Amino acid sequence: MTNPFPQDFLWGVATAGHQVEGNNVNSDTWFLEQLPGTIFAEPSGDAVDHYHRFREDIALIAGLGFTSYRFSLEWARIEPAEGQFSVAALDHYKRVLEACVEHGLTPVVTFHHFTSPLWLLQSGGWEGARTAELFARYCDRAMAHFGHLIGVACTLNEPNLPWLLESFGIGGEAPESRGSVPIWAAAAQRLGVDASTVAPFQFCSTEAGFAVKLAAHQAATAAIKAHRPDLQVGWTLANSDIQSIPGGEEIADKVRRDVNERFLEASRGDDFVGIQTYGRTVYGPDGHAPAPDGVETNQMGEEIYPQALEATVREAARVAGVPVMVTENGLATEDDTQRVAYLKAAVDCVASCIADGIDVRGYIAWTAFDNFEWIFGYRPKFGLIAVDRSTQERTPKESAHWLGSFAREQASQVAQPA
């Protein structure tokens, strides 16, 4: 079979700082995890201690055969108080980048992956009038310190996710209603602000939030490009394959517009758009429809549907009109044979898109390690590498060996002309 993947196609695994580093104590997410009435199943704690173990972790990822590593910077570490930048934290991420380069991994760096400094939440969060400017300033400072080492830059991770969550009945409260929600009321009390101003990135789905996120992406792109005009810059989107059953067409169309299409339209002119897909989302007359009876499901009770990736990549290429990179794709399961089958099907989806002339630049699996999965805690297992959190021992699963070997095989070949 002809290999459709370009020689410089990126094969990788992804992490996010808060989910793997541990003890991100100056962040809004750490703060929210500890509140009375929190919606987080458990606190992140030490996570998988990647902050201290990054060198051996990066060596492990490279040794498995991958050619890239996507990870995020923690703004809350770099700027723990407004206007106070930590050279120690900047040096830490420079060492992470140097370790990637040393091991032949292209560093795909996300500047913001859900978590923000606590001081930003206190001053309006992702509805704040100065947030875009402050985010761009942080990006500028990071680029000045280690921008020459970055291989691909992602500004914001999944700015559209809150609108998808809202369609599931999670979040979406209007500012004037936030005081009636225990976690936002508790946050406001601790911060000494009005609950209407509590707007964390993951849960902010107002039109003001959309405007701030878009402005932040654009300002950050300009700040990054000021240092490296050649650097490929985009953002990464949580795009599900939106479908409907009879009676759900109108709801599905609205969700598709709010979650996928308008963010893809905003990506026009970027160097690429990152697509992060896990399955399909089906809507009926009463809203989000559960998985059909009898289908195979993941740990979250969601249908296992790897074919969704082909639909979202094609949608992204059609609507955004820019190159696409799969920056997350994976499966929450304790059964790694399910994960191997899922990854094989997903990679075939990408190959089909490339064979049809779509410019896909990489496939990065979520996630490198079993880690802290936000409000769900440590129960969901997305990792290609298992972690015993009592010892922090890492054990690659068969899925890691399969995808890493496939990546090594593809990277060693030159794609033949179609």
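Glu310, Arg314 and Asp356 are joined in a network of salt bridges (a side-chain nitrogen of Lys or Arg within 4 Å of a carboxyl oxygen of Asp or Glu). This is a predicted model, where local features need pLDDT of at least 70, side-chain atom pairs count only at pLDDT 80 or more, and totals for chains, interfaces and linings use all residues. Residues are numbered from 1 along each chain as its sequence is written, and side-chain values use heavy atoms, with hydrogens and water left out.

**Exercise 1.** Work out which parts of the chain the Asp356 and Arg314 pair ties together.

*Solution.* Start with the contact: the two side chains meet at 2.8 Å, N to O. (Helices are DSSP runs of H or I, at least four residues; strands are E runs of at least two, all numbered from the N terminus.) Finally, check accessibility: Asp356 is exposed at 54%, while Arg314 is partly exposed at 24%. Here buried means under 20% relative accessible area, exposed over 50%, and partly exposed in between (1.4 Å probe, protein chains only).

**Exercise 2.** Decide whether Arg262 is buried or exposed, then do Glu207.

*Solution.* First, the pair: Arg262 and Glu207 form a salt bridge at 3.3 Å, N to O. Now the accessibilities: Arg262 has 12%, so it counts as buried; Glu207 has 52%, so it is exposed.
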